[in-house]
Amino acid sequence: MRFDKFLEHLHPAKISEDRIRISSTFCLGGAAFFLFITLGVTGLLLAIYYLPSAEGAKMGLHDLTYVIPFGWLIRSLHFWAGQLMLVVMLLHTMRVVAARAYLPPRQGNWLIGVALLLISGGLDFSGYVLRWDSQTFWAAQVMSQLLDRVPLCGHELQQILLGGPQITESGLLRFYAFHCLWGPMLCLSLIMYHFWRVRRDGNLGKPL
Amino acid sequence: MGNVKDLSKLVSQLLANYMLPIEKNKHSESRWGRRGFLLSMGWALAGLAFGGMIWMTGRFLGGARARSDPEPANFGPPDAHRIGAVAKLGRVVLLRDETGFWAVNAVCPHLGCQPAFDENRRIFVCPCHGSQFDSEGRFLAGPANSRMSLAALRLDTQGALVAYPKEEAPAGDRFNP
C-alpha cells in the first residue's frame, strides 16, 4: 500500500462542502484520538518501571521522577495527555450536542461516545490511584465508601471493583489491571467501531 | 493558494504538494528552489525531532542501570564514629548516642524523597513537603503518616560497620559492636 493512497482514503470520497470546514468539528475527536495514542505510547514506557504493590509503586514513581533519564518527561506527558484528553472529549461531546448529532441515524454512535467518555473517566481515576500515596489512597477510600452506598448491589460492586471492603494491595492490582489492560482494550475496540460508524452513518452532524 | 477557504482544504493541498515524491510535484521548480529548500529543511527538522525522541526513549529504557537500588552501606570501623556523630551514605543515615548505633532509611513514606538530618534540632526534615521525623525515624509531622524504617546493622569480616537497608531493624533497636 502506498502512503499517498492511504492519505487519499483517510477522508470519505464524498462530503458536503460546509461539513469539511474546520469550524464544523474543530477536529476534536481526532485530537482526542491523538492524545489516546500519546497515552498508549507513554503508558507502555511507564509500565516498564511500575510495579503494582505498595513498595513497588513508591519506588517506581520515585525512580521514574528523579532517577531514570527523561522519566519525569514521560510521566508528565502521560499525566497531561490524560487530563487534556478528558477536556477534549468533553468539548467533543458539547460540540456533538450543539450540532444535534445525537439524533437518528447517529444515536448508536452517540451512545458509544458516551461509553468512551465514561471509560476514560474511569481510566483517569484509576491512573490517579496508581500513585498509591496517602492522597490517592484516601481518594480510593472515598470511592469505596461511595460504592458501598449504591442501593441493592453496592456491596457486590465494591467487592468486584476493589476485591473487598478495604482498600488493599489486591485493590491496587485491580486498579492496575483496569488501567493498563481492560480499560485501554475496551476503549480501543470502541474507538474503532466509533470511527467506522461515523463513516457508515454518513456525513457529519449538521452545525446549528 | 490564494482562494483556500478552510484549513482542511489547505491541509490536503499541502499533503498533495509536499508529501508526494518530489518528481510528481509540478509546483516545485527544483530541489533547491524555494519550495524544495523549505521541504528539505522541514524533513530535516522532523528527522531531528524523531531522532531526539528515539534517543530519549533509549536513555529511558536503559535507565535500570541508574536505578537507586538500596545497596549495603559500609560505614567503616565503628570507633571512627564518636557519640552524637551523624554519617550519611546513599539514603542510609548512621547515628550514635550513649546507648549504641542505629541506622535510619531516610526515605519519606509520603512520596519517597530523602529527608535530610538537621543536626541542630536533631530531626529529619523532608525537603519535598516538610514532613518531620525524630532522630530514630519516628513520625513527628505530616504530610507523611508513618515512620521511616531502620536498617539492620552488622559488622563485616573486616570489622567494619555495615547497614543493610533491605533488612528492617525493629524500632528503638540499638547496635553495640
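In strand S3 of chain B, Val93(B) is the bridge partner of Lys88(B), and Leu94(B) is the bridge partner of Ala87(B). The model is predicted: local features need pLDDT of at least 70, side-chain atom pairs count only at pLDDT 80 or more, and totals for chains, interfaces and linings use all residues. Residues are numbered from 1 along each chain as its sequence is written, while chains are lettered from A and ligands numbered from 1 in the order in which they are written.

**Strand pairing around S3(B)**

- Strand S2 (residues 86–89) of chain B runs antiparallel to S3(B), and four bridges join them; two strands pair if DSSP finds at least two bridges between them.
- S2(B) and S3(B) form a hairpin with two residues between them, and Gly90(B) in the turn has a positive phi of about 60 degrees.
- On the other pairing, S3(B) and strand S4 (residues 100–105) of chain B are antiparallel over six bridges.
- Leu94(B) has Ala103(B) as its bridge partner in S4(B).
- Two residues also form the link in the hairpin that joins S3(B) to S4(B).
- In a regular strand, side chains alternate between the two faces of the sheet.

**Burial and overall make-up of chain B**

- Strand S3 (residues 92–97) of chain B is mostly covered, with five of its six residues buried; a residue is buried if 20 or more other C-beta atoms, placed from the backbone, lie within 10 Å of its own.
- Of the 177 residues of chain B, 19% count as buried.
- Chain B has two helices and ten strands, where helices (H or I, at least four residues) and strands (E, at least two) are DSSP runs numbered from the N terminus.
- Along the sequence, the pattern of chain B is α-α-β-β-β-β-β-β-β-β-β-β.
- Among contacts in chain B with a separation of 6 or more, 33% are between residues 24 or more positions apart; two residues are in contact if their C-beta atoms, placed from the backbone, lie within 7 Å.

**Helix packing in chain A**

- Helix H3 (residues 28–46) and helix H5 (residues 71–98) of chain A pack at an angle of about 155 degrees, with their axes 8 Å apart; axes are lines fitted to C-alpha atoms over the stretch in contact, and angles run from 0 to 180 degrees between N-to-C directions.
- H3(A) and H5(A) are therefore roughly antiparallel to each other, a term that applies to angles over 145 degrees.
- The contact of H3(A) with H5(A) has 16 nonpolar residues (Ala, Val, Leu, Ile, Met, Phe, Trp, Tyr, Cys and Pro), two charged residues (Asp, Glu, Lys and Arg) and seven polar residues (the others, Gly among them).

Notes: A residue is buried if 20 or more other C-beta atoms lie within 10 Å of its own, exposed if 12 or fewer, and partly exposed in between; C-beta atoms are placed from the backbone. Angles under 35 degrees count as roughly parallel, over 145 as roughly antiparallel, 65 to 115 as roughly perpendicular and the rest as oblique.
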